[in-house]
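Morning, everyone. Please have the model open.

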Amino acid sequence: TDGENMLRMSEAFFEGRFREALGITYHPLFPFLASMLKPVMGVERGAIWVSMVLGGAAAAPLFLFARDAFGRPAAFIGALLYAFQPHFVDLQSDVMTEGTFCFFAFSSAWLGWESIKTPRWDLPVLAGVAAGAAYLTRPEGVLFVVGIPCWIALSAWRGVRFVRLGTAFLALIPALLIAYPYLLYARSVTGRWTLSAKGSVQAVEGSEKRELDVTRKDGLMEVRRPYRELVGHVL
């Protein structure tokens, strides 16, 4: 259903029906990029190519970031697993957002780390742009919109405090500028400030009381305890 809906969004974007496209409620960047390739290869193949090219390209910032964090051998093995692991390949050769999201998320993390290593004006701006693009691809991209500037700001203890705080500001501004139009749209739809107009996000954020999730196991009715399950999975 995700791929089908994103193809519908791409068709609507291509035909200039932007409000209708956004009304499908998935975040817009991936289907919008796919719509730009429709004249060349059709909307479905265009979406697949966007997913493949950006998903494959994400191996580069992943390697560069992991090389500094864990060393070259671990980075090489990690990038190799990312590039050839069958589930990743299967997912990123389809009409799905994961490859595009990984490219912008990994790029934002790597550029943010480079901004911490060598404070300068251009890298944090690019980190903010990548973070904003990650948010426009998937709702969880908001972690990078908030996290990358905070990460750079926390590095102020390493010295040149005001310079590092300035670079954090330089990362935050483009991220917010890119994310803000979609945040405004989500507010216009839901009537409140929210991370996304997407139905699954609204189900999590919703203020109304949700019914208990009851499952049947071994002939008995059992109430699910999501937080308890979460702790178990983490352990």
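One definition before we start. Buried means under 20% relative accessible area, exposed means over 50%, and partly exposed lies in between, with a 1.4 Å probe and protein chains only. This is a predicted model, where local features need pLDDT of at least 70, side-chain atom pairs count only at pLDDT 80 or more, and totals for chains, interfaces and linings use all residues. Residues are numbered from 1 along each chain as its sequence is written, and side-chain values use heavy atoms, with hydrogens and water left out.

Now the overall picture. The protein chain has 14 helices and two strands. These are DSSP runs, numbered from the N terminus: helices are H or I with at least four residues, strands are E with at least two. The C-alpha trace spans about 60 × 50 × 40 Å along its principal axes. Of the 235 residues, 38% are buried. Contact here means heavy atoms within 4.5 Å. Among contacts with a separation of 6 or more, 56% join residues 24 or more positions apart.

Cysteines next. Cysteine 102 counts as buried because its relative accessibility is 14%. Cysteine 150, at 42%, is partly exposed.

On to helix H9, residues 98-117. The expected span of a helix is 1.5 Å times one less than its number of residues. For the 20 residues of H9 that gives 28 Å, and the end C-alpha atoms are 28 Å apart, so the two agree. In H9, 14 of the 20 residues are buried, so the helix is largely enclosed by the rest of the structure.

The buried set includes Leu123, Gly128, Ala130 and Thr137. What covers them? The cover includes helix H3 (29-36), H9, H11 and helix H12 (161-190).

Let's look at one of those partners. Two packed helices are described by the angle between their axes and the distance between the axes. For H10 (residues 122-137) and H11 (residues 142-154), the axes come within 7 Å and cross at roughly 160°. Axes are lines fitted to C-alpha atoms, for helices over the stretch in contact, and angles run from 0 to 180 degrees between N-to-C directions. H10 and H11 are therefore roughly antiparallel, a label for angles over 145 degrees; under 35 is roughly parallel, 65 to 115 roughly perpendicular, and the rest oblique.

H10 contributes Pro124, Ala127, Ala131, Gly132 and Tyr135, and H11 contributes Val142, Phe144, Val145, Ile148 and Ile152. That makes nine nonpolar, one polar and no charged. Nonpolar covers Ala, Val, Leu, Ile, Met, Phe, Trp, Tyr, Cys and Pro; charged covers Asp, Glu, Lys and Arg; the others, Gly among them, are polar.

Finally, loops. Arginine 138 sits between H10 and H11. Leaving out residues up to four places away in sequence, arginine 138 touches His27, Thr97, Glu98 and Phe101.

Glutamine 92 lies in the loop between helix H8 (86-91) and H9. Buried or exposed? Glutamine 92 is buried, at 8%. Beyond four places in sequence, its contacts include Ile48, Tyr82, Glu98 and Cys102.

Last one: threonine 25, in the loop between helix H2 (18-23) and H3. Its phi is near 80°, a positive value in a residue other than glycine. Most residues other than glycine have a negative phi.
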